[in-house]
Amino acid sequence: AAPDEDAAALAENGWVIHTISFSAQADKSLMTNLAALGGGVHYHAPNGNALVQAFRDIALSLPGTLIN
């Protein structure tokens with residue numbers, strides 16, 4: 001199946017999809033669309049600090065308690 005079909009099917013079953021892209025060549029539009037279909041957020045992380053922040057943001061959006 002196409003990525004958008006997979007994302008929609010997962011979302012229909014209650015999964016939230018967040019996406020992270022790394023390189024300038026990444027298809028950020030596709031990643032943004034997949035995250036939107038899955039009720040999540042797309043993060044572009046061009047460096048390590050941005051990647052850590054993306055994972056932190058995702059973790060803080062999850063239900064439950066985050067322990068350092």
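**Note on the fold and core of a predicted model**

1. Read along the sequence, the chain runs α-β-α-β-α. That makes three helices and two strands. Helices (H or I, at least four residues) and strands (E, at least two) are DSSP runs, numbered from the N terminus.

2. This is a predicted model: local features need pLDDT of at least 70, side-chain atom pairs count only at pLDDT 80 or more, and totals for chains, interfaces and linings use all residues. Residues are numbered from 1 along each chain as its sequence is written, and side-chain values use heavy atoms, leaving out hydrogens and water.

3. The C-alpha trace spans about 35 × 35 × 15 Å along its principal axes. Of the 68 residues, 21% count as buried (under 20% relative accessible area, 1.4 Å probe, protein chains only).

4. Which residues make up the largest nonpolar core? They are Ile 20, Tyr 43, Ala 45, Ala 54 and Ile 58. Such a core is a set of buried Ala, Val, Leu, Ile, Met, Phe, Trp, Tyr and Cys residues joined through side-chain atoms within 4.5 Å. In soluble globular proteins, nonpolar side chains tend to be buried together.

5. Look next at Ile 58, in helix H3 (residues 48-61). Ile 58 is buried, at 13% relative accessible area. Leaving aside residues up to four places away in sequence, Ile 58 touches His 18, Ile 20 and Tyr 43 (contact means heavy atoms within 4.5 Å).

Technical notes
Buried means under 20% relative accessible area, exposed over 50%, partly exposed in between (1.4 Å probe, protein chains only).
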